[in-house]
Amino acid sequence: MTYSIDLRGVSRAGRRPQPPAREAPAAPVGLAAVRVRPDVIDPPRPAPAAPAPAPVAAAGAVRAARPLPAWRRPAGVAPGATRVMAGMALIAAYVAFCLAPLAIVSIDSHTPHRPFLVELSVALGYVGLAMMVLQFTLVSRIKWLAAPFGIDILQRFHRQVSFVALAFVLAHPALLLAQSLPTYLPLFDLRTAPWRARFAVSSVVALLLVVFVSIWRRKLRLPYEVWKVTHGVLSVSVLFLALAHMVGVNRFTSSPGGRAVVALVAAVVVGVLVWSRLIAPRRHGFRPWRVVDVIPERGRAVTLVVEPDRHPGWSFLPGQFAWVTVGGSPYRVDHHPFSLSSPADADTRGRVAMTIKQAGDWTKTVGSIDPGTRVHLDGPHGSFSMDLHQAPGYVFVAGGVGITPIYSMIATMFIREDIRPVTVFYTNPDWESVTFREQLDELSGYMPNLRVVHVLKQPPPGWRGPSGRLDADVLARYLPRQYQTFEYFICASPAMMDAVEESLLELGVSDYRIHSERFGMV
Ligand SMILES: Cc1cc2nc3c(=O)[nH]c(=O)nc-3n(C[C@H](O)[C@H](O)[C@H](O)COP(=O)(O)OP(=O)(O)OC[C@H]3O[C@@H](n4cnc5c(N)ncnc54)[C@H](O)[C@@H]3O)c2cc1C
């Protein structure tokens, strides 16, 4: 039988084994033990809100997803055990790199010893500096570094660990002042201080600026692109001023080993910058993509369908994202991250789709992009994927445009004929603005294991589904019986994500089963 389903422009028609029709319990082989659900929530055919229906599939009917063949495995995420081992090795390397300066300093027996507080302050300064160096690698988008964790996790770590690095760096002058105020306070007077102290003070001021501007970017109304350039320039200044300070003090660098370490650190930073700002964009420039369709969606969204331009494209895991640059040069600073909303594993000649809410300065222009426009994709990235967390079933929670990675996962399950039960909680302001409303309804027809629970803030008259906030009561009412063994994927506004995470924990879901994608990465 031929099916025709809109998987966002990338797979509108195809030939598949006979899918079970809605209301038709005669299921094909492989879907046999699954009851067809008549109760997908949908106003034209509203479902009874309570009591909670029986679980979709009996345990015996649950079939594991087909593993991806090795050749289809996307770059950017390593498979299971390799991923864990590589992750542990990288964490060990991170800790070793941060502590290495301490070891080098402590085995340096040539220099006379200083008071304990001074030695401690220098040691903590070195650790802070080492962490600052690694901050560059965390956001460098180097695939083998990001593979075990996912680049989104690394970006989050980059943001959080920056406060720890700042604390180490600030401990350096603080402990010096604690040791002897009259000796060290004059070094803060930039008019009279020696150059080595001026470098140090400038480095710390630049670091404070980096943190201040990052925390207050929105309050300062700084455009993202301006912030990004400022952040980069200031961060590089912090490092090179700190290295100049070290060379000026000439204690650590008086030995050949010390000089080699400083040279190595500088080389790592320059290498990472050259890779991420010059070589990687150049490589993307050699592999451009072309817009083939621009499809308006409900909820002020637009789906951009792109296809590889004279290269095979790449495969990805459902739920991953890519950075998109529209226009000629891959070096532009205005590249934006978007989840891939099309299914993975679909035979689409490399086409992928991104669904973009037209809400900001740049996204408002997406609807006017012409088919044929050249774009550059840096991806696939991210670890927000059901493929990385196998489970007997899934619960997806989406708010508004947060449906995009989740839609990709559901559509991929459809393509793979994955019959594990999946419940989707999808909140929107009103029924008209439900992005992918028709597509989800259609998928529900083909997927008896899929249950979509729409939660509307302003429901239309006659609405019998849940309305208002998605709270623990609504979750409890619609979660399947075996929900504590399922994996949870949440993508919504920060406030909703926090509330849902809290509700799930209240309901006894283990926190390691809850995965979230925050669109406001910075
Ligand atoms: C992993 C990930 C996946 C995403 N997937 C989607 C998706 O599928 N659909 C969708 O509509 N949105 C998605 N977003 C959000 C999207 O990237 C931003 O909304 C968009 O870049 C905002 O651009 P703007 O200039 O129009 O908005 P503005 O109004 O200028 O900015 C709004 C906010 O968006 C963020 N932002 C702006 N520019 C960038 C940028 N270049 N890179 C990163 N963040 C930026 C900033 O926090 C900014 O404060 C995703 C974000 C992330 C991190």
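Here are some notes on this predicted model, point by point.

1. Ground rules. Residue numbers start from 1 along each chain as its sequence is written. Since the model is predicted, local features need pLDDT of at least 70 and side-chain atom pairs count only at pLDDT 80 or more, while totals for chains, interfaces and linings use all residues; side-chain values use heavy atoms, with hydrogens and water left out.

2. The ligand's surroundings. The ligand has 24 residues around it, and the closest are Arg218, His336, Pro337, Lys357 and Thr363 (a residue is near if one of its heavy atoms lies within 4 Å). Among the elements, α7, β6 (336-339) and β7 (352-357) each supply at least two residues of this shell, and β6 gives the most, with four. Helices (H or I, at least four residues) and strands (E, at least two) are DSSP runs, numbered from the N terminus.

3. Backbone N or O atoms of two residues face ligand oxygen atoms: Thr363 at 2.7 Å and Trp362 at 3.0 Å. Tyr224 uses a side-chain N or O atom instead, 3.3 Å from a ligand nitrogen. Taken alone the ligand exposes 880 Å², and the protein buries 87% of that (Shrake-Rupley areas with a 1.4 Å probe; for residues, only the protein chains shown count as cover).

4. His245 in α7. Helix α7 covers residues 224-249, and His245 lies in it. Is His245 buried or exposed? It counts as buried, because its relative accessibility is 18%; buried means under 20% relative accessible area, exposed over 50%, and partly exposed in between (1.4 Å probe, protein chains only). Leaving aside residues up to four places away in sequence, His245 touches His172, Arg196, Ala197, Phe199 and Ala200, where contact means heavy atoms within 4.5 Å.

5. A parallel sheet. Five strands make an open sheet in the order β11-β10-β9-β12-β13, with parallel pairing; two strands pair if DSSP finds at least two bridges between them. The edges are β11 (450-456) and β13 (514-516), each with a single partner strand, so one side of each has no neighbour in the sheet. From one strand to the next, the twist averages 15°. Strand β10 (residues 422-428) pairs with β11 over seven bridges, and one of the places to look is Val422, whose bridge partner in β11 is Leu450.

6. Helices α12 and α10. Helix α12 (residues 494-506) lies across β9 (394-399), β10, β12 (487-491) and β13, and runs at about 160° to β12. Axes are lines fitted to C-alpha atoms, for helices over the stretch in contact, and angles run from 0 to 180 degrees between N-to-C directions. Helix α10 (residues 437-446) is mostly covered, with seven of its 10 residues buried, including Arg437, Leu440 and Tyr446.

7. Backbone spots worth a look. Gly379 and Pro380 are joined by a cis peptide bond, with omega about -5°, and Pro380 lies in strand β8 (residues 374-381). Arg300 is not a glycine, yet its phi is positive at about 50°; it sits in the loop between β3 (289-297) and β4 (301-308) and counts as exposed because its relative accessibility is 53%. Arg310 also has a positive phi, about 60°, without being a glycine. Arg310 is in the loop between β4 and β5 (321-326), and its 73% relative accessibility is why it counts as exposed.

Notes: A polar contact is a pair of N or O atoms within 3.5 Å; within protein, one must be able to donate a hydrogen and the other to accept it, and residues adjacent in sequence count only if both atoms are side-chain atoms.
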